[in-house]
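Okay, thanks for coming, everyone.

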Amino acid sequence: MPSAREGLALGPARPDDAEQLFNWRSDPVARAMSFDQRPISWPAHAAWFGRKLADRDTLIYILEVDGLPVGQIRFDFESQEAVLSYSVDRLVRGRGWGIWLITAGMNELARRHPARVRAAVKPENWASRKTFTKLAWSESAVDGQIVFHSP
């Protein structure tokens, strides 16, 4: 099991990442923290992932440690703003890698498409709330969600 930050790297998602993202999206904790908790079928996911990879208004990156995929970050552009979504594999949760993932993702985003970024989080998602707070993102409550905006 990976443990050191030194081996962390971020790279663009590829078509062969579809199954890994499906597994992360299907993880019970990820489903519980998702605003849409319905189960995801493989055909629906495969179609969604193909559309997202082809969409010029979406960027998806995979976090790896020593070549092992351990997380993902996605930016969906809406007007002058990007909406951030991320997750880390259950095997590496609690290591603070979400902070590294978001920071690296924001650096990639700034090189490609500078934008203001927001992320919506369920109020009970304390892990993500703590991550965004540590990154000094501003926080507000909107329609039952906690919305964070990049500094």
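Let's begin where Gly98, Ile99 and Ile102 of α4 meet Thr131, Phe132 and Lys134 of α5; contact here means heavy atoms within 4.5 Å. Sorted by type, the residues of this α4 and α5 contact give 3 nonpolar, 2 polar and 1 charged. For that sorting, Ala, Val, Leu, Ile, Met, Phe, Trp, Tyr, Cys and Pro are nonpolar, Asp, Glu, Lys and Arg are charged, and the others, Gly among them, are polar.

Before I go further, the housekeeping. This is a predicted model, so local features need pLDDT of at least 70 and side-chain atom pairs count only at pLDDT 80 or more, while totals for chains, interfaces and linings use all residues. Residues are numbered from 1 along each chain as its sequence is written, and side-chain values use heavy atoms, with hydrogens and water left out.

Back to the helices. α4 packs on helix α5, residues 126–134, at an angle of about 55°, and the axes are 9 Å apart. That angle makes α4 oblique to α5. The axes are lines fitted to C-alpha atoms, for helices over the stretch in contact, with angles from 0 to 180 degrees between N-to-C directions. Helices (H or I, at least four residues) and strands (E, at least two) are DSSP runs, numbered from the N terminus.

Helix α3, residues 42–54, packs with α1 at about 120°, with 10 Å between the axes. So α1 is oblique to α3. Their crossing is right-handed. Who makes that contact? From α1 you have Ala18, Glu19, Leu21, Phe22 and Arg25, and from α3 Trp42, His45, Trp48 and Phe49.

Is Lys52 buried or exposed? At 18% relative accessibility, Lys52 counts as buried; the cut-offs are under 20% relative accessible area for buried, over 50% for exposed, and partly exposed in between (1.4 Å probe, protein chains only). Leaving out residues up to four places away in sequence, Lys52 touches Thr58, Ile60, Arg74 and Asp76.

On to salt bridges. How many does the model have? The count comes to 12 salt bridges, where the rule is a side-chain nitrogen of Lys or Arg within 4 Å of a carboxyl oxygen of Asp or Glu.

One I'd point out is Arg93 with Asp27, where the closest N and O atoms are 2.9 Å apart. This pair links distant parts of the chain, 66 residues apart: Arg93 is in the loop between β4 (81–88) and α4 (97–112), and Asp27 is in the loop between α1 (18–26) and α2 (28–33). Asp27 is buried, at 10% relative accessible area, whereas Arg93 is partly exposed at 31%.

Another is Arg14 with Asp16, at 3.2 Å from N to O. Arg14 is partly exposed at 42%, and Asp16 is exposed at 58%. Then there's Glu124 with Lys122, with closest N and O atoms 3.5 Å apart. In that pair Lys122 is buried at 11%, while Glu124 is partly exposed at 43%.

There's also a network of salt bridges, linking Glu78, Glu81, Arg116 and Arg118. Glu81 is in strand β4 and is buried, with a relative accessible area of 17%. Beyond residues up to four places away in sequence, Glu81 touches Asp76, Arg116, Arg118 and His149.

Last stop, the backbone. Asp66, in the loop between β2 (58–65) and β3 (68–78), has a positive phi near 50°, and that's a residue other than glycine. Ser79, in the loop between β3 and β4, also has a positive phi, near 60°. As for accessibility, Asp66 is exposed at 68% and Ser79 is exposed at 73%.

That's my tour, so over to you.

Methods:
Angles under 35 degrees count as roughly parallel, over 145 as roughly antiparallel, 65 to 115 as roughly perpendicular and the rest as oblique. A crossing is left-handed if the near helix is turned anticlockwise from the far one by less than a right angle, and right-handed if clockwise.
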